[in-house]
Amino acid sequence: MDYSCLKFATRALRVGQDPEGRFKPVIPPIFQSTTFAWEDLDHIPGVDYTRCQNPNRLILEQVIATLENGQHCTLFSSGMAAIAACFSLLQKGDHLLMAGDIYGGTFRLGEQWLPRSGVSVSEFCAHNPLTIADEVKPSTKMIIFETPTNPNLRVSDIAAVVTEAKRHGLIVVFDNTFASPALQNPLDLGVDIVLHSTTKYISGHSDVIGGATITNDAELGTWLFEYNKAFGATPSPFDCWLSLRGVKTLACRMDQHSRNAQAVAEYLQGHPKVKSVHYPGLPSHPDHETAKKQMRGFGGMVAVDFDSVATARQVAENTRVFLLAESLGGVESLVAYPPLMSHATMSEEQRLSKGIPPSMLRLSVGIEDPDDLIEDLRRALG
Ligand SMILES: *Cc1c(COP(=O)(O)O)cnc(C)c1O
């Protein structure tokens, strides 16, 4: 069947999944086998050893590639392994430009690990792409950024960053975890490599850790695949099977996440104990227009700055529907405290400079009934 004419939600269900073999299962089974038999010595099978490739991984790679409008997808055992694979394109003497507002684990790799291999790192502001020209050096090779950002939910103009980065010949890497391919497709805007922590929205059920890179550049695609084979941070067949099951509902989950987050953000915005609500779907959000232009929905993440640290603590510890836990993107709602969770690597000073006060909580709004979510927050706020 030709999938290219199908729309997003249908592709998620069908690409690479035509029933085949003796029993024609509608759902591809788990290929729990480390190795695959050869026909003879003249024909090397496409899938021969599970660290290098596996049918469950291959199918999921095809699905995620098509959802990102990309040709080449490589899956990893975590989002961080996918990011490390992108950084493997850098060698001693190279310089990386990293957005100031970036996932804590990416910040940790850039600050603590890349310098050990002789790669220097400096920050730029993705909201102001002209700062790229100020920071770029002859040795700058790559730029990495993400939007909406974590935890402030700032939205930068992807196409504008790409234009500026390409003037300097940089490889552009984009972390699309927060939006998911249902809400934006950065390859269409000129990004070279899109990456995901598939742990989050793509899998969507808080039961599997995984990562992905997607590119339309055959050379980059081969590099990432070969790096993965060499270093071996590849996902298990069962993890791929779980993620394939999860991604089938991505389109409708993202609709509900976005609707619920909008309702929660609007409720919190009017509360007397709330100083500010950061959600790109609010017309008062500084990047609302950019988000409208670039995204097909505003997503499930909301950051709230309360009137005091005490209020933030009270909400974090007293919600019952929202669970106090790290991570995001699952069907159930979570509340996170960035200074002790996602941004624990940073000093208080670094956090404040990035607009993360100790009175802020990050909500991953799930797909529950929005009335229950709002009632839960109302009660916790006292
Ligand atoms: C969670 C996350 C990662 C890291 O992914 P893991 O699967 O936990 O390794 C990277 N980027 C973003 C934006 C994330 O939210």
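What is the volume of the largest cavity? The largest cavity has a volume of about 60 Å³.

## Basis of the model

The model is predicted: local features need pLDDT of at least 70, side-chain atom pairs count only at pLDDT 80 or more, and totals for chains, interfaces and linings use all residues. Residues are numbered from 1 along each chain as its sequence is written, and side-chain values use heavy atoms, with hydrogens and water left out.

Two cavities of 30 Å³ or more are found in a search of the whole structure. A cavity is a set of points, on a 1 Å grid over the protein atoms alone, where a 1.4 Å probe fits but cannot get out; a pocket is an open set with protein on both sides within 12 Å along at least five of seven lines, and lining residues have an atom within 4 Å of a point. Grid points are joined across faces, edges and corners, and a volume is the space filled by probe spheres set on the points. The lining of the largest cavity includes Leu 60, Leu 75, Phe 76, Gly 211, Asp 239 and Cys 240. Helix α8 (237-247) and strand β1 each supply at least two residues of this lining, and α8 gives the most, with three. Helices (H or I, at least four residues) and strands (E, at least two) are DSSP runs, numbered from the N terminus.

The largest pocket has a volume of about 430 Å³. It is lined by 28 residues, of which Met 80, Tyr 103, Gly 105, Ser 197 and Lys 200 are the closest to its centre. The elements giving two or more residues to the lining of the largest pocket are α3, α4 and β6.

## Nonpolar core

The largest nonpolar core has 102 residues, and Phe 87, Phe 124, Ile 143, Phe 145, Leu 268, Val 302 and Leu 363 have the most contacts inside it. Domain 1 (8-247) and domain 2 (251-381) both give residues to this core, so it lies between them. Such a core is a set of buried Ala, Val, Leu, Ile, Met, Phe, Trp, Tyr and Cys residues joined through side-chain atoms within 4.5 Å. Buried means under 20% relative accessible area, exposed over 50%, and partly exposed in between (1.4 Å probe, protein chains only). The domain bounds come from an automatic or database domain assignment.

In helix α4 (residues 104-113), the buried residues include Gly 104, Phe 107 and Leu 109. The buried residues of α4 pack against α3 (79-87), β2 (95-99), β3 (120-124), β4 (140-146) and α12 (348-353), where contact means heavy atoms within 4.5 Å.

## Strands

Five of the five residues of strand β7 (residues 211-215) are buried. Gly 211, Thr 213 and Thr 215 point one way from β7, and Ala 212 and Ile 214 the other way. Strand β1 (residues 72-76) pairs with β7 in the antiparallel sense over five bridges, as does strand β6 (residues 193-197). Two strands pair if DSSP finds at least two bridges between them. Ile 214 stands opposite Cys 73 and is also the bridge partner of Val 194.

An open sheet of five strands has the order β8-β9-β12-β11-β10, with mixed pairing. β8 (274-278) and β10 (323-324) stand at the edges, each with a single partner strand, so one side of each is left without a neighbour in the sheet.

## Backbone features

Cis peptide bonds join Thr 147 to Pro 148, with omega about -5°, and Asn 150 to Pro 151, with omega about 0°. Pro 148 is in the loop between β4 and α6 (158-167).
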